[in-house]
Amino acid sequence: MALWDGVRGRIGRFKRYVRITEADEVARRYFVMNAFDGSLTILGIVLGTSLLRVREPRVVIGAGVGASLAMGMSGFFGTYLTERAERTRELKKLERAMVTQLDETVWDEASSFVSIWAAFVDGASPALTAFIAVVPFIICHMGLIGFETALAASVVLVFATLVFLGAYLGHISQENIPINGMRMLLVGIFTALVIWLLSEKGVETAAALITSTA
């Protein structure tokens with residue numbers, strides 16, 4: 001019973017801090033922006049290694065996991081330091097307006113909370129979306145599927161993530177959800193096309209087309 005009361009108390013404080021700092025809006029922005037970054041980054045890694053004719057799943061896994069960790073660490077610490085500075089500035093402005101110190105008050109605790117919460121969301125979202133796209137290559141490394149199947153599955157997962165993010169934005173803005181999902185998907189397809197065009201194979205194809213039409 002005491003344990004349950006403690007959990008309820010923590011949940012209550014969490015909700016109160018979110019309400020005071022509007023942390024839900026902050027976290028929502030960080031989640032979408034950085035999940036989007038993570039998806040496109042891993043798409044570039046997957047397609048880039050494939051276009052270089054890499055057929056070793058462990059190479060893609062290493063690059064993908066490394067990118068996931070780097071984005072996660074960068075997102076967490078960068079956001080924490082930035083949010084902490086912004087929240088400290090806002091707290092000091094509030095102190096001047098109220099002509100009193102707010103140390104160890106609910107506003108001080110909420111300010112510290114939102115910095116950590118935003119940093120967690122910022123760091124976790126790109127790392128999670130990037131890791132999802134690496135999962136097929138882990139399965140491939142276990143010998144359960146072929147490399148080409150893993151490549152196709154990874155790209156599909158990235159595109160599905162982009163559609164989900166677009167649909168989520170459509171839900172938030174109360175706009176057309178399918179259209180918003182398709183917009184995000186088009187961004188992913190455009191990114192894949194640019195990567196392909198800049199690759200050796202893409203350059204060779206473009207040169208062949210130019211030569212044939214000359």
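Residues are numbered from 1 along each chain as its sequence is written. Because the model is predicted, local features require a pLDDT of at least 70 and side-chain atom pairs count only at pLDDT 80 or more, whereas totals for chains, interfaces and linings use all residues, and side-chain values rest on heavy atoms, with hydrogens and water left out.

The protein chain contains seven helices and zero strands, where helices (H or I, at least four residues) and strands (E, at least two) are DSSP runs numbered from the N terminus. Along the sequence the pattern is accordingly written α-α-α-α-α-α-α. Of the 214 residues of the protein chain, 36% count as buried; this term stands for under 20% relative accessible area, while exposed stands for over 50% and partly exposed for what lies in between (1.4 Å probe, protein chains only).

Helix α5 (residues 147-173) has 27 residues, which at 1.5 Å a residue should span 39 Å, and its end C-alpha atoms are 39 Å apart, in agreement with that value; the expected span is taken as 1.5 Å times one less than the number of residues. The buried residues of α5 include Phe147, Ala150, Leu151, Ser154, Val155 and Val158. In general, an α-helix has 3.6 residues a turn, so residues three or four places apart point the same way. Threonine 161, also found in helix α5, counts as buried because its relative accessibility is 13%, and its C-alpha atom lies 9.1 Å from that of methionine 184, a residue 23 places away in sequence. Just after α5, glutamine 174 takes a positive phi of about 60 degrees.

Contacts between residues separated in sequence were also examined in other helices. Serine 111, in helix α4, counts as buried at 10% relative accessibility, and the distance between its C-alpha atom and that of glutamate 83, 28 residues apart along the chain, is 8.9 Å.

Two salt bridges are counted, a salt bridge being a side-chain nitrogen of Lys or Arg within 4 Å of a carboxyl oxygen of Asp or Glu. In one of them, arginine 55 pairs with glutamate 148, with the closest N and O atoms 3.0 Å apart. Arginine 55 lies in the loop between α2 (23-51) and α3 and glutamate 148 in helix α5, so the pair ties together parts that are 93 residues apart in sequence. Arginine 58 forms a salt bridge with glutamate 56, the closest N and O atoms being 3.8 Å apart; here arginine 58 is exposed, at 57%, whereas glutamate 56 is partly exposed, at 41%.

On the surface, Val65, Leu69, Phe131, Val135, Ile139, Met142 and Leu144 form a nonpolar patch with about 620 Å² of accessible area together, the areas coming from the Shrake-Rupley method with a 1.4 Å probe and only the protein chains shown counting as cover for residues. Patches consist of residues with over 30% relative accessible area and no salt bridge, like charges being joined within 9 Å and nonpolar side chains (Val, Leu, Ile, Met, Phe, Trp, Tyr) within 5 Å. Helix α4 (106-141) gives the most to the nonpolar patch, with three residues.
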